[in-house]
Amino acid sequence: MSETVVVYEYPAAHSPSEGDRPPLRVHAAPAAPGRTSVRGPRTLCGRDTFAMETAPWRPAEHPDAPWYPPRYADRVCPTCDEAAGEG
């Protein structure tokens, strides 16, 4: 698989001023063509990434860890996890 970008899905009413609020769901998206840290338009489960935030977690920087940040393991999208080969 090409480079994976982690994106966070928040409630519609979420605003950046709310601080370090955990995401509702953690998704994986392929990187945009020619870019390694810019998310593509859709997650691996097919959701639009437009309203999602790109996570600071970079799977390529953590080769012995899962594709998602371990602290949000309970929030991982199961479809993205399976598509990423971790499920």
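This is a predicted model: local features need pLDDT of at least 70, side-chain atom pairs count only at pLDDT 80 or more; totals for chains, interfaces and linings use all residues.
Residues are numbered from 1 along each chain as its sequence is written, and side-chain values use heavy atoms, with hydrogens and water left out.

**Cysteines**

- The structure ends up with zero disulfides. Cys-77 is in none either: its nearest cysteine sulfur belongs to Cys-80 and is 3.8 Å away.
- Cys-80 is buried, with a relative accessible area of 0%. For the record, buried means under 20% relative accessible area, exposed means over 50%, and partly exposed is in between (1.4 Å probe, protein chains only).
- Cys-77 also counts as buried, at 7% relative accessibility.

**The sheet**

- Three strands make an open sheet in the order S2-S1-S3, with antiparallel pairing. Strands (E, at least two residues) and helices (H or I, at least four) are DSSP runs numbered from the N terminus, and two strands pair if DSSP finds at least two bridges between them.
- S2 and strand S3 (53–54) are the edge strands: each has a single partner, so one side of each is left without a neighbour in the sheet.
- S1 and S2 run antiparallel and are joined by six bridges. Here, Glu-9 stands opposite Arg-25 in S2.
- S1 and S3 are also antiparallel, paired over two bridges. Val-7 has Thr-54 of S3 as its bridge partner.
- In a regular strand, side chains alternate between the two faces of the sheet.
- With S1, both faces are covered: Thr-4, Val-6 and Tyr-8 are buried on one side, and Val-5, Val-7 and Glu-9 are buried on the other. Six of the six residues of S1 are buried, so this strand is largely enclosed by the rest of the structure.

- Thr-43 is found in the loop between S2 and S3, and is buried, with a relative accessible area of 5%. Beyond residues up to four places away in sequence, its contacts include Val-7, His-27, Met-52 and Cys-80.
- Asp-81 has its place in helix H1 (residues 78–83) and is buried, at a relative accessible area of 14%. Asp-81 and Tyr-68 are 13 residues apart in sequence, and their C-alpha atoms are 8.7 Å apart.

**The salt bridge**

- The structure has one salt bridge, meaning a side-chain nitrogen of Lys or Arg within 4 Å of a carboxyl oxygen of Asp or Glu. The partners are Glu-9 and Arg-47, at 3.1 Å from N to O.
- Glu-9 is in strand S1 and Arg-47 in the loop between S2 and S3, so the pair ties together parts that are 38 residues apart in sequence.
- Glu-9 counts as buried at 15% relative accessibility, whereas Arg-47 is partly exposed, with a relative accessible area of 40%.

**The tyrosines**

- There are three aromatic pairs by the rule used: rings of Phe, Tyr and Trp (its six-membered ring) pair if their centres lie within 6.5 Å, with planes under 30 degrees apart called stacked, over 60 edge-to-face and the rest tilted.
- Tyr-8 and Tyr-10 pair edge-to-face, at 6.3 Å centre to centre and 90° between the planes. Tyr-8 and Tyr-72 pair edge-to-face too, at 5.4 Å centre to centre and 90° between the planes.
- Tyr-8 lies in strand S1 and Tyr-72 in the loop between S3 and H1, so their pairing ties together parts 64 residues apart in sequence.
- Tyr-8, Tyr-10 and Tyr-72 form one aromatic cluster. Tyr-8 counts as buried at 6% relative accessibility, Tyr-10 counts as buried at 16%, and Tyr-72 is buried as well.

Notes. A disulfide is a pair of cysteine sulfur atoms within 2.5 Å. Contact means heavy atoms within 4.5 Å.
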